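Have a look at the screen, and I'll talk you through what I've got.

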Amino acid sequence: MERHKHFGMCCGAGGGRMWIEEDPDKRVNLLRTDQALATDPETIAVSCPFCMTMLSDGIKAKDLEEKVKMFDVMEIVDQVTAGKA
């Protein structure tokens, strides 16, 4: 994603935006979802439960649930290690 590491961007929930009614055109989670979708992913991995909620909501709002899957990083680790066990 364009904004990552030192220039990363919060999905909005860390700042309490998940409980605020925002202008639909200015929702932080939709902006962050757009940034993730710009990479044309099949899967988006997150390590924050707030990001999971906010980006999942963004994917649903864009009606892309069938195309893009969301996982917590630990879910991916579990899937990989379960396959090796």
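So, what does the secondary structure of the chain come to? Three helices and two strands. Keep in mind that this is a predicted model. Starting at the N terminus, the elements go α-β-α-β-α. There are 85 residues in the chain, and 31% of them count as buried.

Let's take the strands. Strand 1 covers residues 43–46 and strand 2 covers residues 69–72; they run parallel, with four bridges joining them. To get from strand 1 to strand 2, the chain goes through helix 2, residues 49–61, and that β-α-β crossover is right-handed.

Now the inside. Nonpolar side chains in soluble globular proteins tend to get buried together. Here, the largest nonpolar core has 13 residues. Those with the most contacts inside that core are Cys-11, Ile-44, Val-46, Leu-55, Ile-59, Val-68 and Met-70. Helix 1, strand 1 and helix 2 each put in at least two residues. Which element gives the most to this core? That's helix 2, with five residues.

Staying with helix 2, Ala-61 sits in that helix, and Ala-61 is exposed, at a relative accessible area of 57%. Ala-61 and Leu-30 are 31 residues apart in sequence, yet their C-alphas are 8.2 Å apart in space.

On to charges. Side chains of opposite charge can pair when their charged atoms come close. How many salt bridges does a search of the whole structure find? Two. One is Asp-34 with Lys-62, where the closest N and O atoms are 2.8 Å apart. Asp-34 is in helix 1 and Lys-62 is in the loop between helix 2 and strand 2, so this pair ties together parts that are 28 residues apart in sequence. Both ends are partly exposed: Asp-34 has a relative accessible area of 37%, and Lys-62 has 31%.

Then there's Lys-67 with Asp-40, at 3.6 Å, N to O. That pair also links distant parts of the chain, 27 residues apart: Lys-67 belongs to the loop between helix 2 and strand 2, and Asp-40 to the loop between helix 1 and strand 1. Are these two buried or exposed? Lys-67 counts as exposed at 52% relative accessibility, and Asp-40 counts as exposed at 56%.

Most residues other than glycine have a negative phi. Asp-40 isn't a glycine, but its phi is positive, near 55°. Which other residue does that? Lys-5, with a positive phi of about 50°, and again not a glycine. Lys-5 lies in the segment before helix 1, which spans 28–37, and counts as exposed because its relative accessibility is 74%, over the 50% cut-off.

Last stop, the surface. Val-73, Met-74 and Val-77 form a nonpolar patch there, with about 250 Å² of accessible area together. Val-77 is in helix 3, residues 73–84. With a relative accessible area of 37%, Val-77 is partly exposed.

Note on methods:
Residues numbered from 1 in each chain as written. Predicted model: local features only at pLDDT ≥ 70, side-chain atom pairs only at ≥ 80, totals over all residues. Heavy atoms only, no water. Patch = residues over 30% accessible without salt bridge, like charges linked within 9 Å, V, L, I, M, F, W, Y side chains within 5 Å. Areas by Shrake-Rupley, 256 points an atom, 1.4 Å probe, with all protein chains shown as cover. Salt bridge = Lys/Arg side-chain N within 4 Å of Asp/Glu carboxyl O. Buried < 20%, exposed > 50% of the residue type's maximum accessible area, 1.4 Å probe, protein only. Pairing = 2+ DSSP bridges. Right-handed = clockwise from strand over helix to strand, strands pointing away. Core = buried A, V, L, I, M, F, W, Y, C linked by side-chain atoms within 4.5 Å.
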